[in-house]
Amino acid sequence: MSFGEQNAFSEVFRTNSQTAPGLLRGLFEGGPLVAGVEVSVLLSEAHSFTASVSGFSLESGAQVSDHVIVNPNEVSIVFSITNAGGGHETARDVLETFKRMRDQRQLLELITEHYVYENMVLTSVSPMHQAPYKGALNFSIKLQQINFVPLELVG
């Protein structure tokens, strides 16, 4: 599958880890991938590009703004996992997989319909069981981009 074909599927993101072969595919036969894990339904993805303006107050009460700080990019993804076709433990296994990724602070590459992100980490994994589907989970995950910068020492 070429990069162009991969990019057509917004449901994909993959690990940069050398220990995760096979996660570079854009699409499983059964459904979309999130962090290399097959999910039942991708419900939404939300992108956040923000900046903060620094400032200080003058004695008159006016505030002077003199700098703009670009915050790390963030993406939120909502998806569902059912136990259909994968056994009765599928949703629990996916929960463990995402918890492990967060705990190990794995760097991820996120490919969406509109943007490709490098150096993303899972910052939040929020599973929610919703009736009437026994064992199924709805997940809300958040990722934040890590900005690597060179550091110079001046002696």
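This report walks through a predicted protein model, from its overall layout down to a few side chains.

## Ground rules

Since the model is predicted, local features need pLDDT of at least 70 and side-chain atom pairs count only at pLDDT 80 or more, while totals for chains, interfaces and linings use all residues. Residues are numbered from 1 along each chain as its sequence is written, and side-chain values use heavy atoms, with hydrogens and water left out.

## Overall layout

The protein has 2 helices and 10 strands. These come from DSSP runs numbered from the N terminus: helices are H or I with at least four residues, strands are E with at least two. Reading from the N terminus, the order is α-β-β-β-β-β-β-β-α-β-β-β.

Of the 155 residues, 31% count as buried. Buried means under 20% relative accessible area, exposed means over 50%, and partly exposed is in between, using a 1.4 Å probe and protein chains only. As for contacts (heavy atoms within 4.5 Å), take those with a separation of 6 or more: 55% of them are between residues 24 or more positions apart.

## The main core

The largest nonpolar core holds 22 residues. Such a core is a set of buried Ala, Val, Leu, Ile, Met, Phe, Trp, Tyr and Cys residues joined through side-chain atoms within 4.5 Å. Phe 79, Phe 98, Leu 122, Phe 139 and Ile 141 have the most contacts inside this core.

Two or more residues each come from β7 (74–81), α2 (90–104), β8 (108–111), β9 (116–129) and β10 (137–145). Helix α2 gives the largest share, with 5 residues.

Strands count as paired if DSSP finds at least two bridges between them. Ile 111 has Val 116 in β9 as its bridge partner.

β9 then pairs with β10, again antiparallel, over 9 bridges. Here Leu 122, one of the core residues named above, has Leu 143 in β10 as its bridge partner.

## A cluster of rings

The whole structure has 6 aromatic pairs. The rule is that rings of Phe, Tyr and Trp (its six-membered ring) pair if their centres lie within 6.5 Å; planes under 30 degrees apart are stacked, over 60 edge-to-face, and the rest tilted. Phe 49 and Tyr 115 make an edge-to-face pair, because their ring centres are 5.9 Å apart and their planes sit at 70 degrees. This pair ties together distant parts of the chain, 66 residues apart: Phe 49 is in the loop between β4 (41–48) and β5 (51–57), and Tyr 115 is in the loop between β8 and β9.

Tyr 115 also pairs with Tyr 117; the centres are 4.7 Å apart and the planes at 55 degrees, so this one is tilted. Together, these ring pairs link Phe 49, Tyr 115 and Tyr 117 into a cluster. Tyr 115 is partly exposed at 40% relative accessible area, whereas Tyr 117 is buried at 1%.

## Around Tyr 117 and Gln 145

Tyr 117 sits in strand β9. Leaving out residues up to four places away in sequence, Tyr 117 touches His 47, Phe 49, Asn 73, Val 75, Leu 108, Glu 109, Leu 110, Thr 112 and Gln 145. With His 47, the side chains make a polar contact of 2.5 Å. That term covers a pair of N or O atoms within 3.5 Å; within protein, one must be able to donate a hydrogen and the other to accept it, and residues adjacent in sequence count only if both atoms are side-chain atoms. Tyr 117 and Asn 73 are 44 residues apart along the chain, with their C-alpha atoms separated by 8.6 Å.

Gln 145 lies in β10 and is buried at 13% relative accessibility. Its side chain joins that of Asn 73 through a polar contact of 2.7 Å, and also reaches the backbone oxygen of Glu 118 at 2.9 Å.

## The salt bridge

A search of the whole structure turns up 1 salt bridge, meaning a side-chain nitrogen of Lys or Arg within 4 Å of a carboxyl oxygen of Asp or Glu. The side chains involved are those of Arg 102 and Asp 103, at 2.4 Å from N to O. Both are partly exposed: Arg 102 at 38% and Asp 103 at 44%.
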